[in-house]
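Reader: Hi, I'm new to reading structures. Can you walk me through this one?

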Amino acid sequence: MGNDVRPNWDSPRHFVLACVSYAVGLGNVWRFPYLCQMHGGGGFLIPYMIMLVLEGIPLFYMELAIGQKMRLGSIGAWTAISPYLGGVGALLECETATSTKYFFYRETLNISPSIEVNGGIHYGQAMCLVLAWGITYLLISKGVKSTGKAVTFTATFPYVVLFIYLIRGFTLKGAFSGITYMFTPNMEELANPYTWINAATQIFFSLGLGFGSLIAFASYNQYNNNFERQAIMVSLINSGTSIFASIVTFSIYGFKATVNFENCLERWVCLCVCLREQCAFLLLNTFDLAEDSISLDTVTDWITKLNTTFPEEFAAIEHRIETCDLTNELKDAAEGPGLAFIMYSEAIMNMPLPQLWSVLYFIMLLLLGVGSMLGNITAIVTPLRDFKVISKMSSELFNGLVCVFCLLLGLGFTTTSGNYWFTIFNDYAATFSLLFIVLFEVIIVSYIYGIKRFEKDIEDMLGHAPNLYWKIMWLAVSPLLLICLLLYYIINYILGGTPTYQAWNKHLGKAEPMEYPVYCQLFIGLLLVSTVSCVPLNALYAFYQKRKQDKSRKSHALTTLSA
């Protein structure tokens, strides 16, 4: 099944760096911290680490083993296992405003008021997209050789920036409030099945499981490369990076929350102390207090004390008092990319030398994105180049055509409503399809290809068979967990009512929930079906081809006998 003329990585180090560069991406910086915050800090870390041990590392190991053994891209590798399963390979490839919020939504995105309103392409975003794909093409133009050199930088520089931000974050006021919030578990979240689904999906999303990139990367390894050690190493590096990036994020987030909290207190004190005409119904006159008795340090104590001592009088003025709560500030996180582009930007504005920190931060984001794009393009290019027709084309030409094609597909997300469509793909194309793909992968390897046969393949490559832990995970624990999560996701989607999204209301200066229109709901359903349809369609095609060949052989045999 191997291909002796297939190019190889210059060294195992390049392969590890390629995996790290691909796995460690934007999801580590904004998706993991957002999920961690959404599910109660430490309450998310517990299921995340459990899913890493029970799902992430075993399936990462499995994908590397498949790629290294078959020495083919995802389509060719699964077709080699069974001609009915080539669709799995194809499936792997288909898948009140602050000034910062105003700039992000109205200037950077120029976002429309709803998904139904489309104002055309935002040319600034389109040019950035062209630049990103231009950089990607330059790094991947000559195939695995140029990629191996590029990942040395794209995989390491983000760690330098994160370490700089960690040191800077720890010196900011309120940083440890954010870190304490991150590591304080909300145990109620452990009873929420969606916490476990998000933990599993984040593992798959972050490690790159189910996308075909790992199979493609591993196919360029030497046959006896020790992928077992590399699988454990890359998985731990990736998850360690997620936690490390979250510590950085929450230290800065604690600073931002503290600044907002103190600004709220200052507005409250100013209202109560400075505006004498308006204080007749507020604290000073209501409770006959001395003018200098309320300060920034004592205001929250006074609110609690007066509310307890004079509940009726306090109730009469409560609607005039702005609620200031540090915990609520910490709970109020920007969703998805907003965590990276809004929260960090607001924090950076309050730092000394904001230009320096912003340049470092956005260069890091660019490299994280490019590193992931290299992996995704490799997942597309590698299986296609296994076909004879395409293998005759030069790497520069074919890789360029793929990059141009992906660029054209991405232009739809640069329209004024593009961010809403991005949310649809992020929310619905990733979770369901990843759970389905990875479940199908582990069932195919364990029960169709056969665990004994797979065990012998690994022993042939590594010189020793996988231990009992790996086999228990592949045969029982991983598939059972995935089936439970997938069933819950389907039931929750069916019973969850009309799906909604956050639409920007320029009059209120904030995002508000809106229901998706009917055609978007139909598109979501089509998206869910299309992401998994490659498997049965390819199986039917392979079955049809086999029957056609069988009929041809019988016809030829009868003709021979008649003669």
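**A buried residue, a core and a helix pair**

Author: Start with N238, found in helix α13, residues 227-274. Keep in mind that the model is predicted.

Reader: Ok. Is N238 buried or exposed?

Author: N238 is buried, because its relative accessibility is 1% and the cut-off for buried is under 20%.

Reader: What is N238 in contact with, leaving aside its neighbours within four places in sequence?

Author: A23, V24, N28, Y48, S206 and L207.

Reader: New topic. How many residues does the largest nonpolar core have?

Author: That core has 134 residues. Y165, F204, I424, F454 and W474 have the most contacts inside it.

Reader: Which helix gives the largest share of this core?

Author: Helix α23, residues 431-462, with 15 residues.

Reader: And F454, what does that one touch?

Author: Not counting residues up to four places away in sequence, F454 touches M62, A65, I66, V445, Y449 and W474.

Reader: Back to α23. How do α23 and α24 cross?

Author: Helix α24 covers residues 468-495. The two axes come within 9 Å and cross at roughly 160 degrees.

Reader: So what does that make α23 and α24, roughly parallel or roughly antiparallel?

Author: Roughly antiparallel, because angles over 145 degrees count that way. The crossing of α23 past α24 is left-handed.

Reader: Which classes of residue are in the contact of α23 with α24?

Author: By class, 19 are nonpolar, 2 are polar and 2 are charged.

Conventions
Residues are numbered from 1 along each chain as its sequence is written. This is a predicted model: local features need pLDDT of at least 70, side-chain atom pairs count only at pLDDT 80 or more; totals for chains, interfaces and linings use all residues. Side-chain values use heavy atoms; hydrogens and water are left out. A nonpolar core is a set of buried Ala, Val, Leu, Ile, Met, Phe, Trp, Tyr and Cys residues joined through side-chain atoms within 4.5 Å. Buried means under 20% relative accessible area, exposed over 50%, partly exposed in between (1.4 Å probe, protein chains only). Helices (H or I, at least four residues) and strands (E, at least two) are DSSP runs, numbered from the N terminus. Contact means heavy atoms within 4.5 Å. Axes are lines fitted to C-alpha atoms, for helices over the stretch in contact, and angles run from 0 to 180 degrees between N-to-C directions. Angles under 35 degrees count as roughly parallel, over 145 as roughly antiparallel, 65 to 115 as roughly perpendicular and the rest as oblique. A crossing is left-handed if the near helix is turned anticlockwise from the far one by less than a right angle, and right-handed if clockwise. Ala, Val, Leu, Ile, Met, Phe, Trp, Tyr, Cys and Pro count as nonpolar, Asp, Glu, Lys and Arg as charged, and the others, Gly among them, as polar.
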